[in-house]
Amino acid sequence: VPSSADRLQGTEIVNTDRVRTYLLGLQGRIVAAMEGEGGDAFLTDAWQREPGGKLEGDGISRLVEGGRLLERGGCSFSHVKGQALPASATQHRGTELADAPFEAMGVSLVFHPQNPHVPTVHMNVRMLAAAPKGGGEPVVWFGGGMDLTPYYGFEEDAVHFHAVNRAALVPFGADKYPRFKRWCDEYFFLPHRNEPRGAGGIFYDHLFSGDAQADFSFTQDVGRAFRDSYAAVVRRRMTEAWTPAERDHQLLRRGRYVEFNLLHDRGTLF
C-alpha cells in the first residue's frame with residue numbers, strides 16, 4: 001500500500017523510503033563526525049512500537065554520556081504513524097488536518113559538551129505527511145533547523161555558525177535565511193525570563209512550496225550544513241582550559257535549556 005506521502009498532489013511525489021534512507025544516513029554521518037572529534041563512542045538503542053497501538057513505528061537512538069567531548073548527547077531517528085495528528089503539529093494549518101491520520105519521520109539531536117567554552121547545539125530535520133479526514137489529496141511538509149546555545153559568547157563562533165546556515169539557504173532564495181533566522185530568534189525565547197535561549201540559528205516549519213522534491217532538497221541541505229556549522233566551533237574550543245566557576249555557570253545556563261524544553265518546545269508537546 002503506498003504511503004500518504006507517495007500520493008502527494010498527484011504528480012508531486014515524495015518517496016518516503018528515500019527520505020528515510022537520507023535521514024538514517026544523516027544520523028550516521030553526524031555520529032561518526034562527533035566520534036571522530038571527541039573519540040567518544042556512541043551507544044545504539046533501536047526500538048519498535050508494536051502494531052495496533054496509538055502509534056506505530058520504529059527508531060534508532062544514538063547516545064553518549066561522560067565522554068571527553070560530550071558530557072551527554074543524543075542523535076535520534078524516528079519514523080512513526082498514527083491515526084490522529086496532534087494539535088501541536090497543525091497549529092499553523094487551521095482545521096483541515098485536525099485529527100488526521102499521519103506519518104512522521106525525522107532526525108533530532110542535542111549535544112551537551114563537557115567544556116563550558118563549547119556551546120550546546122540542537123538540530124532537527126523532519127517530514128510529516130497527513131491525509132485529511134474529509135478526503136482530498138494527502139499533504140506533505142518539511143521542517144527543521146538548528147540553534148547554538150553558548151555558555152560563554154565568542155563572537156567568531158556565532159558568526160561562523162550563522163554564515164554556514166546562510167550559505168546553505170541562499171540557493172533557495174534570498175528571503176529564506178532572514179525569514180528563518182527571525183523565526184528561530186522568536187521561537188527559541190524564554191518569555192517568562194525575557195531572554196533568548198542562545199545565539200540563534202534557523203528554524204522553519206510547514207515547508208510546502210508545491211514542489212515536494214525541492215522542499216526535500218532544502219531539508220537535505222540544512223542537514224548537510226550542520227556538521228560544517230558546528231565542527232569548527234568544537235575544534236576551536238574543546239581543548240581550552242576551564243575553571244570550576246565556569247562549570248557552575250554552564251550548569252546554571254543548562255537550567256534555562258531545560259525550562260524551554262519543558263514549557264515551550266513543540267517536539268515535547270508533540
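K81 stands opposite E103 in strand 4, strands being DSSP runs of E of at least two residues and helices DSSP runs of H or I of at least four, both numbered from the N terminus. The model is predicted, so that local features need pLDDT of at least 70 and side-chain atom pairs count only at pLDDT 80 or more, while totals for chains, interfaces and linings use all residues. Residues are numbered from 1 along each chain as its sequence is written, and side-chain values use heavy atoms, leaving out hydrogens and water.

Strand 4 (residues 102-113) is mostly covered, with 10 of its 12 residues buried, that is, under 20% relative accessible area with a 1.4 Å probe and protein chains only.

F111 also belongs to the largest nonpolar core, of 46 residues, where I30, F111, F226 and Y230 have the most contacts. Helix 4 (residues 212-237) supplies the largest share of this core, 8 residues. A second, separate core has 9 residues, among them L85, A100, A104 and A130. Such a core is a set of buried Ala, Val, Leu, Ile, Met, Phe, Trp, Tyr and Cys residues joined through side-chain atoms within 4.5 Å.

Key:
Buried means under 20% relative accessible area, exposed over 50%, partly exposed in between (1.4 Å probe, protein chains only). Two strands pair if DSSP finds at least two bridges between them.
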